[in-house]
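Here are my notes on the model you sent over. Have it open while you read, and go through the points in order.

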Amino acid sequence: MFSNRYVRTIICSRVLLHLGIWIRNYAVLLYVTDLTGNDPVYVSLISVAEFAPIFLFALIGGTFADRWRPKRTMAGSDLLSAVSVAGVLLALINGGWIALLIGTFLSASLSQFSQPSAMKLYKRHVPGEQLQGVMAMSQTLVAVFMVLGPVIGTLIFLKLGIQVSLILTAVLFLGSSLILATLPRDASEQHSNLKSSFMSEMTAGIRYVWSNQALRTLCLSFAVVGFASGLTQPLQIFIVVEQLGQAKSFLQWLVMTNGAAMLIGGVAIMGAAKKIPPQRLFVAGLLITAICTTGIGASKMIWLTILLLIISGLVYPAIQGGIQTLIVRNTEMAYMGRVSGAIMPVFMGMMVIGMSLSGYLKGALSLFAVYGLSGLLIMAGVLILLKLRERQSGK
């Protein structure tokens, strides 16, 4: 896969981009908590600045990605991210720390234009038999930074401070842009016809997803899984304290164990991707995750909880790589950006809804009941996918 120039270049640029994002996120988080005395309002605003752009700009960014040339869009987005971080640094030097939140919001918004363009380049330049392996590689990269990102970001902030952290972030974003600039010029046929209005193209993208049975089913399954994931996301600390009887600090070891398993799972999926169809990989990953989720909610033994976290981490790249491969394979090139921009906010939106309800459900029911409900919902996502498979087999 690394012999493919597009894969090699995009992955290298994403390494710098992810590193810059983690350094920025943890520098901003730690700086704001120090400055405000751990004020929960400002801490929550950091999360809003990081995640709100996914809801606000994913579909918009996907639509523009279909209208613009992908290489230029990606390189330009990373360059503008570097400029926005430099502007935040200047504002911070002059005492305007609120600019940190604004800069984080702007940088996260620009990512919504870059990601769909990467999917377009993969669709055009990666052979079908390698596509699933490339998607698994992308998820492996995410897993690597889930483990290393918080450590690197925290160390750089504690050792060098907020200003050096922001300078490094800007340099990494700029480096990502320069790497992408080495790609061949976008083909002329990729330059979309701009005569049609933006709104009509965005609406056409939504209609395309709804009219495509495979994409509609994937979107519904992804929504259910997103909601299920959101139900358990805020409750991990209660697993540590209530179920395992450990101090809160023990949570970091569970998170790192799960992240390390994701890394190993991603490497394994890259090797198996050519042999296993993406839909089967996705279904198997969801089934195992459903069992592990229910087991984690019931387990009161540290060794069993860790084992289940390892297993669920190993199959996580199969879920993400499988669905991204299915999306790319079932989407026409002209709609690639809009489809990517339409489906991801569905997952994130349902996850946020699940997160907002999880505390209430735990209070009304129990910790095990919420984890069991999450497992059942993931199973429902599997059934939705199996129905799609039956329809495709019938055809």
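1. A definition to begin with: buried means under 20% relative accessible area, exposed means over 50%, and partly exposed is what falls in between (1.4 Å probe, protein chains only). By that rule Ile264 is exposed, with a relative accessible area of 53%. Ile264 sits in helix 9 (residues 251-272).

2. Some housekeeping. This is a predicted model, where local features need pLDDT of at least 70 and side-chain atom pairs count only at pLDDT 80 or more, while totals for chains, interfaces and linings use all residues. Residues are numbered from 1 along each chain as its sequence is written, and side-chain values use heavy atoms, with hydrogens and water left out.

3. On to the overall picture. The protein has 13 helices and 0 strands; both kinds of element are DSSP runs numbered from the N terminus (helices: H or I, at least four residues; strands: E, at least two). Of its 395 residues, 52% count as buried. The accessible surface is about 17600 Å², and carbon and sulfur atoms hold 69% of that; the areas come from the Shrake-Rupley method with a 1.4 Å probe, and for residues only the protein chains shown count as cover.

4. How much of the contact count comes from residues 24 or more positions apart? Among contacts in the protein with a separation of 6 or more, they account for 88%. Contact here means heavy atoms within 4.5 Å.

5. Helix 4 (residues 99-125) passes a simple length check. At 1.5 Å a residue, its 27 residues should span 39 Å, and its end C-alpha atoms are 39 Å apart, which agrees. The expected span is 1.5 Å times one less than the number of residues. Is helix 4 enclosed or open? Of its 27 residues, 19 are buried, so helix 4 is largely enclosed by the rest of the structure.

6. Now the salt bridges, defined as a side-chain nitrogen of Lys or Arg within 4 Å of a carboxyl oxygen of Asp or Glu. The count by this rule is 2. In one of them, Asp78 pairs with Arg14, with the closest N and O atoms 3.3 Å apart. Asp78 lies in helix 3 (residues 70-93) and Arg14 in helix 1 (residues 5-36), so the pair ties together parts that are 64 residues apart in sequence. Asp78 is buried at a relative accessible area of 3%, and Arg14 is buried at 9%.

7. A salt bridge also joins the side chains of Lys362 and Glu242, at 3.2 Å from N to O. This pair links distant parts of the chain, with Lys362 in helix 12 (residues 336-364) and Glu242 in helix 8 (residues 236-243), 120 residues apart. Lys362 counts as buried at 18% relative accessibility, whereas Glu242 counts as partly exposed at 43%.

8. Helix 5 (residues 128-180) is worth a look, starting with Gly149. At 1% relative accessibility, Gly149 counts as buried. Leaving aside residues up to four places away in sequence, Gly149 touches Trp22 and Val144. Gly149 and Tyr26 are 123 residues apart in sequence, yet 8.6 Å apart in space, C-alpha to C-alpha.

9. Phe157 is in helix 5 too, and is buried with a relative accessible area of 10%. Which residues does Phe157 touch, not counting those up to four places away in sequence? They are Ala27, Leu30, Tyr31, Asp34, Ile162 and Ser165.

10. With a relative accessible area of 23%, Gly161 is partly exposed. The C-alpha atoms of Gly161 and Leu30 are separated by 9.9 Å, and these residues are 131 residues apart along the chain.
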